[in-house]
Amino acid sequence: MQRKPDLEGFIAPGSRAAELAVRLDLTRLPRHVAIIMDGNGRWAGARGLPRVMGHRAGIESVRDTVECAARLGLEALTLYAFSVENWKRPPLEVRTLMGLLQEYVHREIQTLQKNEVRFRPMGRLQDLYPEVLRDLRWAEQETAANQGLLFQLALSYGGRAEIVDAARALLAELRQGGEGPEAIDEERFARHLYTAGVPDPDLMIRTSGELRISNFLLWQIAYAEIWVTETLWPDFRREHLIEGILAFQARERRFGGIVSMPAGKGVQGA
Ligand code: FPP
């Protein structure tokens with residue numbers, strides 16, 4: 001649910017975040033921001049550290065970004081933490097990432113509750129280690145009644161895999177109801193995506209300067225504005241999120257039409 005922004009006590013006066021925040025048009029915030037968190041390995045490499053230290057440092061960025069999104073009153077934030085392809089990484093890195101997820105939910109549960117954040121893992125969750133999935137489900141249940149930001153964490157996630165999963169679920173439903181292919185339209189298809197019921201992202205952010213979508217939310221980003229920052233994920237903080245939103249607000253969204261619409265006033269699916 002989109003709530004009133006409440007940055008009091010969160011943004012330090014005189015900070016860069018404060019300088020940027022005053023330029024925000026709080027009536028035209030994106031409803032949903034999606035972020036491809038990238039650059040952890042490079043961040044660690046630049047410091048002569050093992051790659052996993054970059055992931056560990058990235059948790060602080062997750063914490064700051066989630067709280068900032070919640071304080072801004074955004075409706076949804078989706079972070080890409082682990083792709084279906086990431087299982088091909090060295091076993092130690094995979095194990096460390098899984099352990100960090102467990103550590104994150106236990107350490108952050110109070111902050112999530114305080115900020116009324118609803119936590120929701122999404123992806124091919126059946127592929128995760130059972131003890132990791134158990135902890136993620138625990139955090140999901142603990143925060144299920146919260147009324148603020150929906151924080152979706154994409155895990156064992158692939159945009160194509162999601163579309164295939166949706167097609168399978170939809171086909172099973174059609175068979176059961178004795179319906180044919182003419183019963184399929186975009187709206188019905190989208191009801192079978194992991195993100196069913198969540199507005200599509202208005203803004204997609206990618207860190208570390210790469211200009212790729214990397215199989216993230218392929219269906220949902222049809223009309224998203226894309227903003228890429230050179231900042232590596234472990235250095236990403238509230239001021240970067242605000243900077244991305246300012247860039248979004250400077251764009252004109254046309255949704256395939258001719259009449260322009262200021263960013264933040266778009267009509268879902270229009
Ligand atoms: C991409 O950087 C990042 C990931 C594959 C993992 C993202 C994970 C975290 C930020 C930490 C865990 C998150 C939570 C919520 C506990 P990369 O390793 O591909 O970086 P590189 O491109 O520089 O090698």
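1. Glycine 177 sits in helix H6, residues 159–177. Helices here are DSSP runs of H or I with at least four residues, strands are E runs of at least two, and both are numbered from the N terminus. This is a predicted model: local features need pLDDT of at least 70, side-chain atom pairs count only at pLDDT 80 or more, and totals for chains, interfaces and linings use all residues. Residues are numbered from 1 along each chain as its sequence is written.

2. Glycine 177 counts as exposed because it has 9 C-beta neighbours inside 10 Å. The cut-offs: buried means 20 or more other C-beta atoms within 10 Å of a residue's own, exposed 12 or fewer, partly exposed in between, with C-beta atoms placed from the backbone. Between the C-alpha atoms of glycine 177 and lysine 114 lie 43 Å, at a chain separation of 63 residues.

3. Helix H8 covers residues 238–249. Its buried residues are Arg238, His240, Leu241, Ile242, Gly244, Ile245 and Phe248. They pack against helices H1 (16–21) and H3 (51–72), and against strands S5 (203–206) and S6 (225–228). Contact means C-beta atoms, placed from the backbone, within 7 Å.

4. H3 also packs with helix H4 (residues 91–114), at about 30 degrees and with the axes 10 Å apart. Axes are lines fitted to C-alpha atoms, for helices over the stretch in contact; angles run from 0 to 180 degrees between N-to-C directions. The pair is therefore roughly parallel (under 35 degrees; over 145 is roughly antiparallel, 65 to 115 roughly perpendicular, the rest oblique). Contact residues include Arg51, Val52 and His55 of H3 and Glu93, Thr96 and Leu97 of H4.

Terms used:
The expected span of a helix is 1.5 Å times one less than its number of residues. Two residues are in contact if their C-beta atoms, placed from the backbone, lie within 7 Å.
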